[in-house]
Amino acid sequence: GEYSPFLLYIKMDKKKRIGLTIIFICIVCMVIYFVMPSKNKYLIYEGSAQNVHENKRKENDIFYIGVSQTTDGIHPYKQDNETMDILLDLVYEPLAYFKEDTSIKYINAENITFEKEGKEAKVKINTDKVFSDKTALTVDLVMESYQWFREQDTVHSKLLANIKDIKKIDNQNLLFIFKQADFENIKVFTLPIIYQQDKQSYYGTTFLGTGAYKIVQLKNQEDIILERNTESKRHEKYEKIILKYIDYNEINSIIKNQKIDMFVINKDEHFDKIKESRAYDVYELENKQKGFYLVYNIKEEKTRSAIAKVVEGQEFFDITQEKGVYSSGIVSAYKDGDNYYSLIKSGSLEGLKSLKIRHDYDGTSLSIFQNIAKKLNQKGIKCQEVKVALDGYQSFKEDLYIYQGNYNRVLTADNIKEFYKINSELSLDQFYNQLEEYLANENIMSPLSKETRWIACLTTKDTLDFFE
């Protein structure tokens with residue numbers, strides 16, 4: 001007679017049942033991965049589409065982004081602000097772009113490799129890219145772009161001052177030669193690649209980029225209007241993107257009328273209003289490598305590692321800090337794979353009797369000190385507090401320093417030299433993985449948290465790739 005699928009399965013021999021089960025599990029996993037939407041790891045609050053105005057739900061061809069300032073000139077790429085952050089993604093693509101988790105995204109380059117202990121870098125250009133006027137990206141145009149920035153007074157001038165020379169190797173490869181090896185040199189490759197189409201204009205013109213959009217309106221203190229770049233292979237959803245100045249004194253009406261689709265918010269002042277509207281998703285992103293770190297002036301590696309375990313974890317963060325996000329890695333709070341706390345060796349507090357801990361007068365530093373002291377006092381270790389008004393990183397004589405700022409400021413010329421000696425040839429996409437491993441092995445500091453910025457976006461809107 002006929003059997004049900006279940007009875008046929010039962011009647012199979014053991015090997016066939018195991019094989020069929022494995023196939024079934026694989027199919028289910030593939031369906032979950034490819035069909036079911038995965039939650040963005042930066043999404044911390046999710047609104048509801050039913051709370052978005054009907055006209056905004058139907059508005060599919062235009063995207064409004066609110067910014068605290070637009071531009072004060074025809075060259076926005078001279079600046080470093082939220083407007084340029086957006087234009088860097090949409091219009092003026094760089095050679096390479098680092099995502100929030102520090103993974104690399106090659107754009108106008110196919111590959112970048114540091115050589116000669118960090119003093120040189122070889123760049124392979126992506127010659128399939130074109131500017132918005134159909135001009136093909138070439139080695140010569142990349143060199144022209146960097147030369148323009150090197151000759152101008154911009155926010156990038158200090159960074160570019162460490163470039164000794166840029167040489168053309170062939171029609172697809174460039175060689176960057178640095179005056180000295182430095183961890184900051186990696187940022188050289190995140191500058192926008194720009195093209196001066198009209199070199200004869202007396203007053204100058206806004207340059208072109210290779211991004212998915214091109215600028216069609218750029219006037220001082222007015223809306224910046226972008227339209228889709230039909231020459232780009234990136235086919236984004238919106239025909240037009242408008243960057244509008246946003247007055248945060250009018251935040252209540254902005255949230256209520258929903259005319260701005262995406263904008264930066266202040267957690268303390270705006271988040272409750274956003275939640276009341278229930279029309280916006282909210283994303284929390286890292287704020288350019290700044291955060292709190294516990295810096296060591298202790299010779300014994302085992303002691304440093306043991307103290308690191310005292311401050312590790314979400315629980316310690318929750319009781320000491322109200323802002324930012326817990327960071328298990330030094331280079332990023334969102335870094336995938338191995339990070340500082342998973343890489344450091346086991347330690348011991350044996351023989352440790354007392355510690356001097358230096359910190360600033362702010363409430364967060366005080367809270368971190370008090371909780372470190374509490375945990376160590378329970379282990380019989382006395383902690384002496386040294387309060388100092390701090391402005392940036394300073395050398396110190398105490399055992400520990402609760403430091404707020406950029407981790408790069410802690411690193412010395414010897415650290416840079418040693419890192420590049422270990423990694424004499426290093427691909428850009430492995431840079432932060434190797435740096436995290438080096439910093440964990442050296443155990444110069446422990447990450448406590450990272451500063452963050454919050455961005456609200458209407459829940460029905462496609463956020464492009466802003467939150468990668």
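How many helices and strands are there in the chain? There are 14 helices and 19 strands. Helices (H or I, at least four residues) and strands (E, at least two) are DSSP runs, numbered from the N terminus. The model is predicted: local features need pLDDT of at least 70, side-chain atom pairs count only at pLDDT 80 or more, and totals for chains, interfaces and linings use all residues. Residues are numbered from 1 along each chain as its sequence is written, and side-chain values use heavy atoms, leaving out hydrogens and water.

**View 1. The whole chain.** Its C-alpha atoms fill a box of roughly 85 × 70 × 55 Å along the principal axes. Of the 468 residues, 49% are buried. Buried means under 20% relative accessible area, exposed over 50%, and partly exposed in between (1.4 Å probe, protein chains only).

View 2. H8 spans residues 267-277. His-270, Phe-271 and Ile-274 are buried. Asp-268, Glu-269 and Glu-276 are exposed on the face turned away from the buried side.

**View 3. What covers H8.** Strands S1 (43-45), S12 (262-265), S13 (280-296) and S19 (445-458) are among the elements covering the buried residues of H8. Helix H7 (251-257) is also included.

**View 4. The ends of H8.** Asn-266 caps the N-terminal end. One of its side-chain oxygens lies 2.9 Å from the backbone nitrogen of Asp-268. Arg-278 follows H8, with a positive phi near 55°.

Methods. Contact means heavy atoms within 4.5 Å. A polar contact is a pair of N or O atoms within 3.5 Å; within protein, one must be able to donate a hydrogen and the other to accept it, and residues adjacent in sequence count only if both atoms are side-chain atoms.
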